[in-house]
Amino acid sequence: MEAAVLVVDLLVDFKNSVMAKTIIDVDHLSKIYNTGDIEVKALSDVSIKIDEGEFVAIMGSSGSGKSTLMHILGALDKPTSGSYHLDGHNVESLTDDELAEIRNKKIGFVFQAFNLLSRTSAIDNVKLPMDYAGYPDLEQEKRAKESLTMVGLADRMDHPPNKLSGGQQQRVAIARALVMNPALILADEPTGNIASTQAEEIMSIFQKLNDDGHTIVMITHEEDIAEHAQRIIHLFDGKVKEDGNGHTKSKATTKT
Amino acid sequence: MKLSKLIKTGFKNLGVNKLRTGLAILGIVIGIGSVIALVSMGEASKLSVQSQIQSIGSNLLTVSPGSQTSGGVRGAQGGATTLTNEDAEAIKTSAQITTIQNVSPEYSGRAQVIAGRNNTNSQIVGVEPAYADVRKVTVESGSFITSQYVSRMAKVAVLGPSVAEDLFGEGVNPVGQTIKIDGKNFQVIGITKAKGGSGPTSTDDYIFVPLTTAQKQLFGASHLTSIALEATSENVMTKAQNEVGYLLLSRHKLSDPAEADFRISSQDDLLETITSVTGTFTTLLSGVAAISLLVGGIGIMNIMLMSVTERTREIGLRKALGAKKKTIIQQFLIESIILTFTGGVIGVILGIAGFYFYTQVNGSEFVVTLQSVILAFSVSVGIGILFGWYPANQAANLQPIEALKYE
């Protein structure tokens, strides 16, 4: 078992170093909203490539188009023009139900407001995407437990979200995002609603996930949170203003 | 997503707002309950009327006076005095009539009846002995009206069991006692056997006296209110009807059957008429009940729509996590079906209980058909689908971002 994991890890590392696979390929993408008579250009001519295993922060002030970009990257919305390939699938040509399937299988969402079902236990929340994928009960149980253990909530699986702290709730959400083993983990201001002490914990989990080979795209407006990523993309007025290296400070202390 | 899980989630969601859920269910309970109770009551009254009519006999023809046309003016149906004792006699003796084996001329009217301190207004029927054979009346104790009593114009009476009970109380044998009909003393000579049923068609409520006594002593009339005929068999009913019809037309000096001042009806005709009347009644009642069911259904739609609005964020999240349109529709449909099905179960139970109570009070038969129960269940589930569809569709068509942004 241990050996197998090691082999997989090695393979992932090998792949990353030699022939990194492109997970996100955004090409000349624009998004225009029509609100009555006024046309709002939320994104104009954005091109981004993100490879497997990358940890990318997308930064920008409010109105910079980062939420719109996140919706499109998350297959929640379609671009007005340009193309978006996610793990080889051309997203803008898909129907609503096909998009739902892509979201289910390829993307793990972590939202600012956690978005957990409030009267449902942590483990059932984590099982939700597997329900939609139609996994058998036993496998759901096994995977959900692994996932919750990974985020350090093995002892709180049966608690409903309202009995958990903000940081714990976000960890449940991360466990839910992980459970389908998606190609991309998409986090939208994951620390926005969390006390700063716990924010560091959340970031260390992301760090660890990235070390394990997960591709993570995180939207944030907080400089120090973005610093945890290898690569930071700055958006301004719907355009990519800067695309460069992160880690100018230091990696978050990984603790598990 | 598995059905069992959808149902579990449905119950959980409905459990959040118990009062609201309960009120929505109540609407369906009232609807289904009233449909079940009212339809059963209608069926029960139809059954009791049918069994009553069949107990009278299926080879029975009744001649009743029709309207009298004089100078082109048609009088009221049944108001005529065109049937006479001679008509009855002619039917009995005519050589042209081969299909009638028994003739019972009758005169009936209402009169005040007193026995001791008990006082009732009853249907008094003047009869000849043939009445017992034609109308299938048997005597429980004592004897029926005989031809001696008829020719002597005797003041004797045979009581139906209900009247006997009204006048003398339960368990008392009134044979030999005296009652006053319209102020005149009558001796009770017999009690008929109960035939069941209630209302004006039941002979249990009648007092039988000799025909001559009724005509001359009580009501001062020389005509008949009806002539009951027993055909030789069920198969000759139409022929019998024609034979009697032609005889009476010629006796009444009428050439055109359209001008007939009498009506000949068989039990089948009566059965058909009454069945159609009770049928109409049942339809009306069911219509009212169906309206309350509709209102219940709208109640379901209302709370489902509220629920969709309240759960916009949840729906958005579910869609973001990979729920397809179909899954969302199923989720909401299942919730509304749970509501209407639960309402249906409670409604059926309460409806049957209500109908049982009605039969206890009314004395009619307690029969609940399986069809009506199955129908009620399928209707309640159907209402769930029908009125849950629109809200479910609204939910499924929400865009995940809109839903997630919704506060």
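Reader: Which way do α3(B) and α8(B) cross, right-handed or left-handed?
Author: α3(B) passes α8(B) in a right-handed crossing. A crossing counts as right-handed if the near helix is turned clockwise from the far one by less than a right angle, and left-handed if anticlockwise. Bear in mind that this is a predicted model, where local features need pLDDT of at least 70, side-chain atom pairs count only at pLDDT 80 or more, and totals for chains, interfaces and linings use all residues. Residues are numbered from 1 along each chain as its sequence is written, and chains are lettered from A and ligands numbered from 1 in the order in which they are written.

Reader: What's the angle there, and how far apart are the axes?
Author: Helix α3 (residues 85-93) and helix α8 (residues 237-251) of chain B pack at about 135°, with axes 11 Å apart. Axes are lines fitted to C-alpha atoms, for helices over the stretch in contact, and angles run from 0 to 180 degrees between N-to-C directions. Helices (H or I, at least four residues) and strands (E, at least two) are DSSP runs, numbered from the N terminus. α3(B) and α8(B) are therefore oblique to each other; under 35 degrees is roughly parallel, over 145 roughly antiparallel, 65 to 115 roughly perpendicular, and the rest oblique.

Reader: Which residues meet?
Author: From α3(B) there are B:Asp87, B:Ala90 and B:Ile91, meeting B:Val244, B:Leu247, B:Leu248 and B:Arg251 in α8(B). Contact means C-beta atoms, placed from the backbone, within 7 Å. By class, that contact has five nonpolar, no polar and two charged residues. Ala, Val, Leu, Ile, Met, Phe, Trp, Tyr, Cys and Pro count as nonpolar, Asp, Glu, Lys and Arg as charged, and the others, Gly among them, as polar.

Reader: OK, what about α9(B) and α11(B), how do they cross?
Author: Their axes come within 11 Å and cross at roughly 145°, α9 being residues 267-310 and α11 residues 325-362 of chain B. This crossing is right-handed. On the α9(B) side are B:Gly296, B:Ile300, B:Met304 and B:Val308, and the α11(B) residues they meet include B:Phe332, B:Ser336 and B:Leu339. The classes are five nonpolar, four polar and one charged.

Reader: And B:Gly388, buried or exposed?
Author: B:Gly388 counts as buried, with 25 C-beta neighbours inside 10 Å. The cut-offs are 20 or more other C-beta atoms within 10 Å for buried, 12 or fewer for exposed, and partly exposed in between. B:Gly388 is found in helix α12 (residues 370-396) of chain B. Leaving aside neighbours within four places in sequence, its contacts include B:Ile300, B:Met304, B:Phe332 and B:Ser336.

Reader: Which non-glycine residues have a positive phi?
Author: One of them is A:Asp237, at about 55°, in the loop between β9 and β10 of chain A. A:Asp237 is partly exposed, with 14 other C-beta atoms within 10 Å. B:Lys253 also has a positive phi, near 55°, and lies in the loop between α8 and β12 (262-266) of chain B. B:Lys253 is exposed, with 6 other C-beta atoms within 10 Å.

Reader: Switching to sheets: what's the strand order in the six-stranded one in chain A?
Author: The order is β6-β7-β8-β3-β9-β10, an open sheet with mixed pairing. Two strands pair if DSSP finds at least two bridges between them. β6 (107-110) and β10 (239-245) stand at the edges with a single partner strand each, so one side of each is left without a neighbour in the sheet. Neighbouring strands are turned by 20° against each other on average, direction ignored.

Reader: How many bridges between β3(A) and β9(A)?
Author: Four, in the parallel sense, joining β3 (residues 55-59) and β9 (residues 231-236) of chain A. A:Met59 stands opposite A:His234 in β9(A).

Reader: Last one: how many residues touch across the chains?
Author: 18 residues of chain A are in contact with 16 of chain B. α3(A) gives the most to chain A's side, with six residues. That side divides into eight nonpolar, three polar and seven charged residues.

Conventions. Two residues are in contact if their C-beta atoms, placed from the backbone, lie within 7 Å.
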